[in-house]
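Please read through the following chain and its model.

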Amino acid sequence: MQSRREFTRQMAAIAVGGSFLGLRPIAAAANPAPDRPADYAPDEIVANGHRFFGSISRGLAEVVEAATQRWGKPNGYILGQEAGGAFIGGLRYGEGVMHTRNAGDLHVFWQGPSLGLDAGADGDRTMMLVYNLPATNAIFRRYGGVDGSAYLVGGFGMTALINDDVYVVPIRSGLGARLGFNVSYLKFTPTSTWNPF
């Protein structure tokens, strides 16, 4: 009995000493931090998009396929609504819910300015595919345009935005008239704000 007690004390001393040396104790290793959100298959994204966009969703599969070929599988997506307008300089505001497979859902707002040869106004139902998101709260930052890329496939517009290795790909289909080219970014926030900067 004495040797078992002595052994337990020695192991406790090693565990405590290990934590001071920067090693994780065994108890801490049993509860690792939550992983990044899991990936979605393209057919899951298309099915959710069909429900969201309704009868106007015929070209959605083509857009999701094009995005999958370029950026892989998303590990989150946002469903929401937005409105924007521009005459050389413009603004865009929106809100929605970001869905993840294993990290929960998160209400998000976005806003951002644009500058360029751009005029008009639009209101859109918007699905945003999110790639390489390390954690749900990592969405709250600014995302700028990638090479000014914009695609129009099957009646849907798709633009790619990036911050570090995280890509946000808005897919829009809505009402309005807007023509031109602009440089812009979107800023995601946990609460509504009128400040686009």
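Are E82 and R92 buried or exposed? Both E82 and R92 are buried, where buried means under 20% relative accessible area, exposed means over 50% and partly exposed lies in between (1.4 Å probe, protein chains only). E82 and R92 form a salt bridge, with 2.8 Å between the closest N and O atoms. A salt bridge here is a side-chain nitrogen of Lys or Arg within 4 Å of a carboxyl oxygen of Asp or Glu.

This is a predicted model, in which local features need pLDDT of at least 70 and side-chain atom pairs count only at pLDDT 80 or more, while totals for chains, interfaces and linings use all residues. Residues are numbered from 1 along each chain as its sequence is written, and side-chain values use heavy atoms, with hydrogens and water left out.

The structure has three salt bridges. In another of them, R101 pairs with E44, the closest N and O atoms being 2.6 Å apart. R101 lies in the loop between β1 (76-99) and β2 (106-131) and E44 lies in helix α3, so this pair ties together parts that are 57 residues apart in sequence. R101 is partly exposed at 40% relative accessible area, and E44 is partly exposed at 28%.

R141 and D164 also meet through their side chains in a salt bridge, at 3.4 Å from N to O. Because R141 is in the loop between β2 and β3 (142-153) and D164 in the loop between β4 (156-163) and β5 (166-189), the pair ties together parts 23 residues apart in sequence. R141 counts as partly exposed, at 22% relative accessibility, whereas D164 is exposed, at 60%.

Helix α3 (residues 42-53) also packs with helix α4 (residues 60-71), at an angle of about 145 degrees and with the axes 10 Å apart. Axes are lines fitted to C-alpha atoms, for helices over the stretch in contact, and angles run from 0 to 180 degrees between N-to-C directions. On the α3 side the contact is made by P42, I45, V46, G49, H50 and F53, and on the α4 side by L60, A61, V64 and T68. Contact means heavy atoms within 4.5 Å.

Over the whole chain there are four helices and five strands, in the order α-α-α-α-β-β-β-β-β. Helices (H or I, at least four residues) and strands (E, at least two) are DSSP runs, numbered from the N terminus. Of the 197 residues, 38% count as buried.
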